[in-house]
Amino acid sequence: MAATMLARQRNEDIRSLSLAGHVGFDSLPDQLVNKSIAQGFCFNILCIGETGIGKSTLMDTLFNTSFENDPASHYETGVRLKAQTYELQESNVRLKLTVVDTVGFGDQINKDDSYRPIVEYIDAQFEVFLQEELKIRRVLHEYHDTRLHACLYFITPTGHSLKSLDLVTMKKLDSKVNIIPVIAKADTISKSELHKFKIKIMSELVSNGVQIYQFPTDDETVAEINATMNGHLPFAVVGSTEETKVGNKMVKARQYPWGTVQVENENHCDFVKLREMLIRVNMEDLREQTHARHYELYRRCKLEEMGFQDTDPDSKPFSLQETYEAKRNEHLGELQRKEEEMRQMFVQRVKEKEAELKEAEKELHEKFEKLKRHHQEDKRKLEETRANLDDEMSIFHKRKAAAQMLQQGGQASAPPTLKKDKDKKNFL
Amino acid sequence: MSDTVPDSRPRPVLSAKSGTDTFGYVGIDAVLEQMRRKAMKQGFEFNIMVVGQSGLGKSTLINTLFKAQVSRKSCNPNNEEKIPKTVEIKSVSHVIEEKGVKMKLSVIDTPGFGDQINNCNCWEPVLRHINHQYEAYLCEEVNINRKKCIPDSRVHCCVYFIPPTGHSLRILDIEFMKRLCKVVNIVPVIAKADTLTLEERATFKKKIKEDLVLNGIDIYPQKEFDEDADDKVVNDRIRDLLPFAVVGSDKDYQVNGRKTLGRKTNWGIVEVENVSHCEFSHLRELLIRTHTQDLKEVTSCIHYESYRVTRLTKGNPQAASVPTANGED
């Protein structure tokens, strides 16, 4: 802001000089823009609304593509968030667009906790970014930012007022994300009803202290248009991806027997205003607000919770250093303890295994001994039997020798010896 | 129960139909205009440090670069120029504007550098100053209640003046650059280049480049940070010309009917902005017109980050002030 620069000048006693010629640093914004083009942009939108209210259709219409979403069922047991990332390109600008959808919002009988998953999701994205920022080695300039920059809250077109679910959810979210309320399916409301509806909604929001996103009016170039648009909130939108011929052009429209609602006709609905504000005029501001306001708030709360403190400037670096040191030591201590534990466990396991193995060894030994003994036994028995056999054989031989001698001596009496031989043979 | 299902399957690139007809136009590229507006509103900051012996023409060169009396000498014209006993760090800031673009320019001068008989450790005050700026930024960044726009006093570029001996780099030059090339972007220039003929200039440059490679000194633009092929081509061309042989002057003379900055001598007028006379224009292109943003980015994404890593792992500001030969860890 020119004002802040002047203020700084006064504070720091800096002089303002005039240049004697063309230096060339007016190319600085161009250099910056070129770098950004090379890096690419990212934008994350959260769509909150009941099932069937037209969130996916509106996204398709806004970004003029088809995001290939299957319609969700009405039977979800709880609210869950589905995030899908797309890479869009227009002329030389690459945009990484993430659309987060709330599936099952407003479908349950008990909707007490419907807002909780949404809040948790938003906080989770802040947490991831905070972790990255606090890392020692970090790559912030290449980091894919998943923090939600804008939240489109789809209001059911009852024509009366906001539902209590809407109020509760928006109240919980207004300090975490930029909320832009839109009236969905605006072709069901007549012009006069719409006017009354809008007034009622805005007054309810104000009386309940819900802080929705206000388009910034501090920059002269866009102050006027933003101020006008602020008066048209919430935008009454109609989405459609079907094209019909009106006059001699193809336009996006919804066809009814009684007429055609043209999406891009400002008399029919506020779609063009929404697109203008969301994308063409304030995208950068939405991202800045997310980072400078919502993220900083989250960061502050988180750090204070963790025990960091901002004391007076003198001791600040030390207290931070000490806290860092303390945390580091704690962490190291934790690691060491874990290491010890694991080592103990390892030692114990080794001991157990050793014991087991020893047991097994002993068993094997015993078996071996037993087998050996059996073997010895058997061997002994065999020896015995053999000895017996040998004895018998020697007795037989002696008898045989004696018999032969008798045979030779008693040749005359052959038959009896034969008989004796026969007997002997039979005997053997 | 609730659960989040981040579905990050890579999707095919859907191109929004671009074109002049509003029917298919989404308007994503309007974000460039928004960014430009934001930048113009915020203004830019640039901090440049000049290092070199006294008498090499540092103040004149800075005045010539920015076409305004931005140097320290111009701010205190009545001061007797006494060479200080130790290296001092003097910083002067100005806000200059051109075509709606506001820039806060800070010039950090180092009187006394290399002027003593014993120049041991004359780089220490410089190193300390640079690390002090990093420290200040880190403290701001680490605060719980942070400012929306942290004032950036980190040194984005250090222009080192090499005396035109024509031989090679002196030991002082090598020692200084070795220690500082990992901490800040160094752009070496040959000062008072009108004392060298073109052949002497070419030999001198060649010798300097050899010396730099021999001692492992990585000057800006560093080869490892070239992002893509286009960058490489552009930066290679610059690296060929480095170090720039410059002449500074804030006096105008008539040459061929035009008024240009130059130095008048008995044998002719050295035109500062004439590419065949000296390389001042190239230096100005590099510093101001093409690589300013890149200088700032390398400082903040690489030098500052490595300071931060050292500081957070060692936990002691003194430990980080003397970078080891290997950098971190």
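This is a predicted model: local features need pLDDT of at least 70, side-chain atom pairs count only at pLDDT 80 or more; totals for chains, interfaces and linings use all residues.

Visitor: Why is Thr98(A) called buried?

Guide: Its relative accessible area is 8%, and the limit is under 20%, so Thr98(A) qualifies as buried. The residue sits in strand E4 (residues 93-103) of chain A; strands are DSSP runs of E with at least two residues, helices are runs of H or I with at least four, and both are numbered from the N terminus.

Visitor: Which residues does Thr98(A) touch?

Guide: Not counting residues up to four places away in sequence, Thr98(A) touches Phe43(A), Asn44(A), Ile45(A), Ala83(A), Gln84(A), Thr85(A) and His144(A). Contact here means heavy atoms within 4.5 Å.

Visitor: What makes a set of residues a nonpolar core?

Guide: The members must be buried Ala, Val, Leu, Ile, Met, Phe, Trp, Tyr or Cys, joined through side-chain atoms within 4.5 Å. The largest one here has 86 residues, and Phe63(A), Leu152(A) and Leu278(A) touch the most other members. Helix H4 (residues 115-134) of chain A gives the largest share of this core, eight residues. Apart from it lies another core, of 83 residues, including Leu56(B), Val87(B), Leu138(B) and Cys278(B).

Visitor: What makes H4(A) and H9(A) roughly perpendicular?

Guide: The axes of H4(A) and helix H9 (residues 283-306) of chain A cross at roughly 75° and come within 10 Å. Axes are lines fitted to C-alpha atoms, for helices over the stretch in contact, and angles run from 0 to 180 degrees between N-to-C directions. Under 35 degrees counts as roughly parallel, over 145 as roughly antiparallel, 65 to 115 as roughly perpendicular and the rest as oblique. So H4(A) and H9(A) come out roughly perpendicular. Among the residues making the contact are Phe126(A) and Leu130(A) of H4(A), with His294(A) and Tyr298(A) of H9(A).

Visitor: How do you know that E8(A) and E9(A) pair?

Guide: DSSP has to find at least two bridges between two strands, and E8(A) and strand E9 (residues 249-256) of chain A have four, in the antiparallel sense. Lys245(A), for instance, stands opposite Met250(A) in E9(A).

Visitor: Why do strands E8 and E10 of chain A count as edges?

Guide: The open sheet runs E8-E9-E10 (chain A) with antiparallel pairing. Strand E8 (243-246) and strand E10 (259-262) each have a single partner strand, so one side of each is left without a neighbour in the sheet.

Visitor: Which strands stand at the edges of the open sheet in chain B?

Guide: That sheet has the order E9-E10-E11 (chain B), again three strands with antiparallel pairing. Strand E9 (252-255) and strand E11 (268-271) of chain B are at the edges, since each has a single partner strand. Four bridges join E9(B) to strand E10 (residues 258-265) of chain B, and Tyr253(B) has Thr260(B) as its bridge partner in E10(B).

Methods: Residues are numbered from 1 along each chain as its sequence is written. Chains are lettered from A and ligands numbered from 1 in the order in which they are written. Side-chain values use heavy atoms; hydrogens and water are left out. Buried means under 20% relative accessible area, exposed over 50%, partly exposed in between (1.4 Å probe, protein chains only).
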